[in-house]
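Trainee: I have a model open and would like to talk it through with you before I set anything up. Could we go over it step by step?

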Amino acid sequence: MMFPMPDDFTTREEVADVYARRARRYDRIVEFYRLIGFRDETYRRRAVAALALQRGDTVVDIGCGTGLNFPLIQPQIGPEGRIIGVDLTQAMLDEARERVAAEGWTNVELVCTPAAAYTFPPGVEAVVSTCALTLEPDYDAVVAHAADALKPGRRFALYDLKLPSGWTRHLAPLMVFLTRPLAVSMALATRHPWESMRRHLVNFSMTEYYGGFLYVAVGEAPGVTAEAS
Ligand SMILES: C[S@@+](CC[C@H](N)C(=O)[O-])C[C@H]1O[C@@H](n2cnc3c(N)ncnc32)[C@H](O)[C@@H]1O
């Protein structure tokens, strides 16, 4: 093995502890990844674009962190829309709260809870999660709850990391080494939230990037009849 294999962060407590320690520097860590060539902003934008948002929509951002998706969502939903940011780590939500205050947004609600324990309000128009859902051990419950809460035909978009199926998987130790500050470990390789999306949603599609290490997936809540669509 070229790189030392770090400890695995498998429990919510371990993950929350990592993010509590990183929260103040999180945006700068993301900036660092962008500087070394990781086109985070591009995939974040693709996930938000896949939601096909309309003015007045309510969007749930699962594992919202410091709220880096909020500036991409706000112009599309307008002040009459609503963002609900859900996150496990209070320190990350404190950063998000600062962003919300600095921008003067009054339509953002922040909820501190594990994603699997979150009760979605019924009839939401969109659910997004960027680089977070794989960290939730019961990601399947999150997708199932989201599919139930979404209005028929409305979308769940996910941008996240995974283990590639091709030869690039041999580069996984390097990828884990680089993303370890964000609680990424090989233990996450067995978690496949895109399969939950395929199971609980319809019109599922998925595009892979970076040799299959990264993907953007989208699916729709079932229930739209041919006449209604
Ligand atoms: C890599 S950050 C991503 C933050 C944000 N989505 C972004 O794209 O910048 C992962 C976030 O997921 C949160 N998280 C991890 N496990 C979670 C869980 N089980 N439930 C809810 N949030 C979780 C962490 O606290 C952290 O804020």
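This is a predicted model: local features need pLDDT of at least 70, side-chain atom pairs count only at pLDDT 80 or more; totals for chains, interfaces and linings use all residues.

Trainee: Let me start with β7: which residues sit on one side of it and which on the other, and are they buried or exposed?

Mentor: L214, V216, V218 and E220 lie on one side and Y215, A217 and G219 on the other, and all of them are buried, so both faces of β7 are covered. Buried here means under 20% relative accessible area, exposed means over 50%, and partly exposed is in between, with a 1.4 Å probe and protein chains only. Strands are DSSP runs of E with at least two residues, helices are runs of H or I with at least four, and both are numbered from the N terminus. In a regular strand the side chains alternate between the two faces of the sheet.

Trainee: Changing topic, how many salt bridges does a search of the whole structure find?

Mentor: The search finds 17, where a salt bridge is a side-chain nitrogen of Lys or Arg within 4 Å of a carboxyl oxygen of Asp or Glu. One of them reaches β7: R155 and E220 meet at 3.5 Å, N to O, and this pair links distant parts of the chain, with R155 in strand β5 and E220 in strand β7, 65 residues apart. R155 counts as partly exposed because its relative accessibility is 27%, whereas E220 is buried at 15%.

Trainee: And what about K151, which residue does its side chain meet?

Mentor: The side chain of K151 meets that of E125 at 2.5 Å, N to O. K151 lies in strand β5 and E125 in strand β4 (residues 124-130), so the pair ties together parts that are 26 residues apart in sequence. K151 is partly exposed at 37% relative accessibility, while E125 is buried at 9%.

Trainee: Where do R44 and D40 lie?

Mentor: Both are in helix α3, 4 residues apart, about one turn of the helix, and their side chains form a salt bridge at 3.0 Å, N to O. R44 and D40 are both buried, and they belong to a network of salt bridges that also links E31, R34, E41 and R45.

Trainee: How far apart are the ring centres of Y43 and Y209?

Mentor: The count comes to 10 aromatic pairs, taking rings of Phe, Tyr and Trp (its six-membered ring) whose centres lie within 6.5 Å, with planes under 30 degrees apart called stacked, over 60 edge-to-face and the rest tilted. For Y43 and Y209 the centres are 4.5 Å apart and the planes are at 45°, so the pair is tilted. Y43 lies in helix α3 and Y209 in strand β6, so the pair ties together parts that are 166 residues apart in sequence.

Trainee: Last one, which element gives the most to the lining of the largest pocket?

Mentor: That is α7, with 6 residues, and the lining divides into 27 nonpolar, 6 polar and 7 charged residues.

Key:
Residues are numbered from 1 along each chain as its sequence is written. Side-chain values use heavy atoms; hydrogens and water are left out. Ala, Val, Leu, Ile, Met, Phe, Trp, Tyr, Cys and Pro count as nonpolar, Asp, Glu, Lys and Arg as charged, and the others, Gly among them, as polar.
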